[in-house]
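Try each task yourself before you look at the worked solution.

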Amino acid sequence: GASFQPPMTTTSLVANVAYMKVTSSDNADEETKHETEAVRLVDYPGHPSLSTKLTSLLLPDQTARVVFTVDATKPVTDGVAILYKSILTNNQVRKAWKASGKTLTILIVCTKEDDKKAKNHKRMKIQIRNELDRLRKVDSAMEDVTGNGSTPMSIAKGKTIDLDDLGPDMPVLHFVETGLGIQGGDNGLKAVREFVRTG
């Protein structure tokens with residue numbers, strides 16, 4: 001039989017906005033268990049030229065949590081650059097979340113896991129960590145020269161970034177892999193839905 005080839009995807013240049021009704025947590029009391037609320041979902045393009053406009057959407061008065069997708073069939077460089085510059089080291093984002101007293105939670109979704117060329121989320125996590133380390137080292141070397149308005153990630157010299165604990169006042173990262181449903185099952189989508197619903 002013919003093997004299934006996942007559809008080609010392209011990086012969008014326009015944000016898409018939708019609303020999703022979610023029910024209250026299963027742990028809620030009987031009175032609020034069946035209440036629904038609308039959650040605004042913003043599918044923001046990953047095109048590097050648009051990353052400067054992303055900051056306003058990442059502030060705590062605009063977002064409760066972030067689903068950050070990375071194509072598991074491609075190098076992580078461009079996606080990690082956006083994660084690093086727009087979220088992890090962005091002064092405005094970091095200060096706003098600290099002032100709010102909340103912690104930004106990010107679900108990093110490694111997509112296309114059912115493609116033969118895809119790397120699993122554990123391998124993707126290693127590649128993301130290595131790329132973040134590379135960007136951090138470049139930032140540290142340039143810090144005295146540029147004064148570019150970023151807040152470098154402070155990691156002890158000689159240490160690598162720990163994605164399970166980025167440190168105080170930093171986002172919390174979770175990882176999951178998703179696919180197109182070729183192999184059956186929910187392909188990680190249940191975890192994404194639950195994250196959108198409850199964080």
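**Exercise 1. Find how many salt bridges the whole structure has, and work out which of them share partners**.

Step 1. A search of the whole structure finds seven salt bridges. A salt bridge here is a side-chain nitrogen of Lys or Arg within 4 Å of a carboxyl oxygen of Asp or Glu. Side chains of opposite charge can pair when their charged atoms come close.

Before you go on, note that this is a predicted model, where local features need pLDDT of at least 70 and side-chain atom pairs count only at pLDDT 80 or more, while totals for chains, interfaces and linings use all residues. Residues are numbered from 1 along each chain as its sequence is written, and side-chain values use heavy atoms, with hydrogens and water left out.

Step 2. Start with aspartate 71 and lysine 112, whose side chains meet in a salt bridge of 2.8 Å, N to O. Aspartate 71 lies in strand S3 and lysine 112 in the loop between S4 and H3, so this pair ties together parts that are 41 residues apart in sequence. Helices (H or I, at least four residues) and strands (E, at least two) are DSSP runs, numbered from the N terminus. Both aspartate 71 and lysine 112 are buried; buried means under 20% relative accessible area, exposed over 50%, and partly exposed in between (1.4 Å probe, protein chains only).

Step 3. Aspartate 71 also forms a salt bridge with lysine 74, with the closest N and O atoms 4.0 Å apart. Aspartate 71 has a relative accessible area of 16%, whereas lysine 74, at 40%, counts as partly exposed.

Step 4. Now look at lysine 98 and aspartate 169, which form a salt bridge with the closest N and O atoms 3.5 Å apart. Lysine 98 is in helix H2 and aspartate 169 in the loop between H3 and S5, so the pair ties together parts that are 71 residues apart in sequence. Lysine 98 is exposed at 55%, and aspartate 169 is partly exposed at 45%.

**Exercise 2. Describe the largest nonpolar core and find which element gives its largest share**.

Step 1. A nonpolar core is a set of buried Ala, Val, Leu, Ile, Met, Phe, Trp, Tyr and Cys residues joined through side-chain atoms within 4.5 Å. In soluble globular proteins, nonpolar side chains tend to be buried together.

Step 2. The largest core has 30 residues, and those with the most contacts inside it include Phe68, Ile87 and Leu132. Two or more residues come from each of S3, H1, H2, S4, helix H3 (121-146) and S5. H1 gives the largest share, six residues.

Step 3. There is also a second, separate core of five residues, which includes Leu107, Val109, Val192 and Phe195.

Step 4. Zoom in on isoleucine 87: among the residues it touches, not counting those up to four places away in sequence, are Leu58, Phe68 and Ile106.

Step 5. Leucine 88 is in helix H1 and is buried, with a relative accessible area of 0%.

**Exercise 3. Is asparagine 90 buried or exposed, and which residues does it touch?**

Step 1. Locate asparagine 90 in the loop between helix H1 (77-88) and helix H2 (91-100).

Step 2. With 15% relative accessibility, asparagine 90 counts as buried.

Step 3. Leaving out residues up to four places away in sequence, asparagine 90 touches Thr55, Tyr84 and Lys85.

Step 4. The side chains of asparagine 90 and threonine 55 make a polar contact at 3.3 Å. A polar contact is a pair of N or O atoms within 3.5 Å; within protein, one must be able to donate a hydrogen and the other to accept it, and residues adjacent in sequence count only if both atoms are side-chain atoms.

Methods:
Contact means heavy atoms within 4.5 Å.
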